[in-house]
Amino acid sequence: MRGKQAFKRRIKPDPKFNRVDIAKLINRLMERGKKTIAQDILYTAFEHISNVAKQDPLDIYDKAMQNIMPNLEVKGKRVGGANYQVPVVVIGDRKSILAHRWLLEAARSKKGKPMAQKLADELLAASKGEGDAVKKRDDVQRMAEANRAFAHFG
């Protein structure tokens, strides 16, 4: 590693729910620095969730994040001229980073609806253990399990 380690920035909690994880999701949802638009999309998605599910959208969000967050992932490691996919345990913030990334990828891949509705649908599906984001998590976990033989390289 070259140079100094970059210091971790403190992120302010979002204005409506006063939660840092929601603020991070807004930042990842944001495109071209349009934060108010990203906030509007997420809060509209939460309103849609509360109308459809008749539950607190934060409970649905928390359940969805629990279902999407991975425990294991694979990292490439070069050993003696061969590349191995070595399973490693996901630690710290990386779990939520991957969960948010997969959630937004799944929502953006759907066509024909506004982003707020696509995000709401994906969150509802993930809270039930379904949807593309949960499928992605399962694929990553399955890949790590399949390469367990190379765990000693890690």
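Predicted model: local features only at pLDDT ≥ 70, side-chain atom pairs only at ≥ 80, totals over all residues.
The α4 residues that are buried are S96, L98, A99, H100, W102, L103, L104, A106 and A107.

How far apart are the end C-alpha atoms of helix α4? They are 22 Å apart, and helix α4 (residues 94–109) has 16 residues, which at 1.5 Å a residue should span 22 Å, so the two values agree.

## The nonpolar core

Now let's turn to the core. The largest nonpolar core has 35 residues, and the members that touch the most others are L29, L42, F46, I68, L119 and L123. Two or more residues come from each of α1, α2 (35–53), α3, α4, α5 and α6. As a general point, nonpolar side chains tend to be buried together in soluble globular proteins.

A99, W102 and L103 are among the buried residues of α4.

## The largest pocket

Which residues line the largest pocket? They are K8, R9, I11, K24, N27, R28, D93 and I97. The space in this pocket is about 230 Å³.

By type, the lining has 5 charged residues, 2 nonpolar and 1 polar. Helix α1 (residues 20–29) supplies the largest share of the lining, with 3 residues.

Note on methods:
Residues numbered from 1 in each chain as written. Heavy atoms only, no water. 1 Å grid on protein atoms, 1.4 Å probe; cavity = no way out; pocket = protein on both sides within 12 Å on 5 of 7 lines; lining within 4 Å. Points joined across faces, edges and corners; volume = space filled by probe spheres on them. Helix = DSSP H or I, 4+ residues; strand = E, 2+ residues; numbered from the N terminus. Nonpolar A, V, L, I, M, F, W, Y, C, P; charged D, E, K, R; others polar. Expected span 1.5 Å × (residues − 1). Buried < 20%, exposed > 50% of the residue type's maximum accessible area, 1.4 Å probe, protein only. Core = buried A, V, L, I, M, F, W, Y, C linked by side-chain atoms within 4.5 Å.
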